[in-house]
Amino acid sequence: VPPWAARRARMRGATLKNVLCLVTDCDKSNPLPERRPGGPYAHFGPYETELVEVDASRTIMYGFSGALVACPVARGTRAMPLPGDPAAHIKASDINGDGATVPGLSWSYGGEGDCAGVEGIASAVDGFGPEWYGELPDYGYWLPELLEHFASWGMVTACPFLRGVPDGAAGAMATVNAARMLVDLQPCGSGVTVDAGKLGVAGYSLGAGRAVRGAAARPDAISAVVALHTWELAPNNYDASVKAPLMLLSGTDDTNAPFANTLRTYRAARGPKIVGALRGGNHYTSPRFWAGPATAFLLTHLAGEPRAERYAWGDEGLGAGSDMMTWQRMDCDWWRSKEDD
């Protein structure tokens, strides 16, 4: 996407966001804490990334018309983080090694829009940062950068084009199918192989609802779920029973998708689960702010990365600072304190 198109998308996103705030009475100030949770995983990881577009002719059988895929690239110029980078102590593994496989993730964007973040409400939410209303620090991503964030940590990440897909069971299944597509089509090429046993789904707002419902419907296919500011059009959908490890993230002042509804989904989940909220955070808290603990959580459960666990919860994760509230864990044998090792 040309720089001018990205700038226009962000400006359009700011306008859409402000219109939505008029409708939902959201808190426009919503200052973000200076400290991002997630430690090194809040920053780009050790892999270079590239974006690959998958044509609709190859994805229509999965229930959506095309996809944007972020691929990790082994042994690139960012094979190791730059000196002084917060992620410098995380060594990059060789994803091109013999028999090596990587996790696959499907990201479902909020509302209507496209995966490039240049049309519709997707540019207002998934990629909308605080710089447009004068607040610092700027944690804003636009959507392709968020996909590349996950890919930079070794997860092939797909965003399915969902325009025209009903936001019910069809949208939920399309979100799951986008993860399955990564295994079937292997869009990153022969050097990067997505493992069918390492698939996750994630999303923001209505996209988070799709991810939760899809994972509940297909527990055999999905091994981890991250849902940010979950918004459901049908209230009973908040009771979807997810069995895979589940991370729910929200804000205490979200008037579009009230935190009480997030807690409702948390209580309905039947597997390992954790929930966190940002004090005073509204529905438009940038997913960029949550990228660190979300990445750490997904790597813990999809890649079996032992170093990531501490950055999903506790003082380095959802327990970082007084701005974070309500980090809970339940039924989690794997969720142990490092002091207990």
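Me: A residue is called buried when its relative accessible area is under 20%. With that in mind, which residues of helix 6 are buried?

Reply: In this predicted model, the buried residues of helix 6 are F259, N261, T262, L263, T265, Y266 and A268. Each of them falls under the 20% cut-off.

Me: Thanks! And why is helix 6 said to be largely enclosed by the rest of the structure?

Reply: Helix 6 spans residues 259–268, and seven of its ten residues are buried, so the rest of the structure largely encloses this helix.

Me: Y266 was in that list of buried residues. What makes K273 count as lying over the face of Y266?

Reply: K273 is 4.9 Å from the ring centre of Y266. The distance limit for a charge over a ring is 6 Å, and the charge must also be within 35 degrees of the ring normal.

Me: Let's turn to Y41 and W153. Why is their aromatic pair called tilted?

Reply: Their rings are 4.5 Å apart, centre to centre, and a pair needs centres within 6.5 Å. The angle between the planes is 45°. Stacked would need under 30 degrees and edge-to-face over 60, so this pair counts as tilted.

Me: What does that pair tie together?

Reply: Y41 lies in the loop between helix 1 (3–24) and strand 1 (48–54), while W153 lies in the loop between helix 3 (143–152) and strand 4 (156–160), so the pair links parts that are 112 residues apart in sequence. Both Y41 and W153 are buried. Ring pairs also bring in Y311, making a cluster with Y41 and W153.

Me: Now for R180. Why does R180 count as partly exposed?

Reply: Its relative accessibility is 29%. Buried would be under 20% and exposed over 50%, so R180 belongs in the class in between.

Me: What makes R180 and N177 a polar contact?

Reply: Their side chains are joined at 2.8 Å, and the limit is 3.5 Å between N or O atoms. R180 is found in helix 4, residues 169–185. Beyond its neighbours within four places in sequence, R180 is in contact with Y62, L199 and R218.

Me: Finally, how many residues does the protein chain have, and what share of them counts as buried?

Reply: The chain has 341 residues, and 57% of them count as buried. There are seven helices and nine strands in the chain.

Definitions and conventions
Residues numbered from 1 in each chain as written. Predicted model: local features only at pLDDT ≥ 70, side-chain atom pairs only at ≥ 80, totals over all residues. Heavy atoms only, no water. Phe/Tyr/Trp six-rings, centres within 6.5 Å; stacked < 30°, edge-to-face > 60°. Helix = DSSP H or I, 4+ residues; strand = E, 2+ residues; numbered from the N terminus. Buried < 20%, exposed > 50% of the residue type's maximum accessible area, 1.4 Å probe, protein only. Contact = heavy atoms within 4.5 Å. Polar contact = N/O pair within 3.5 Å; in protein donor to acceptor, adjacent residues only side chain to side chain.
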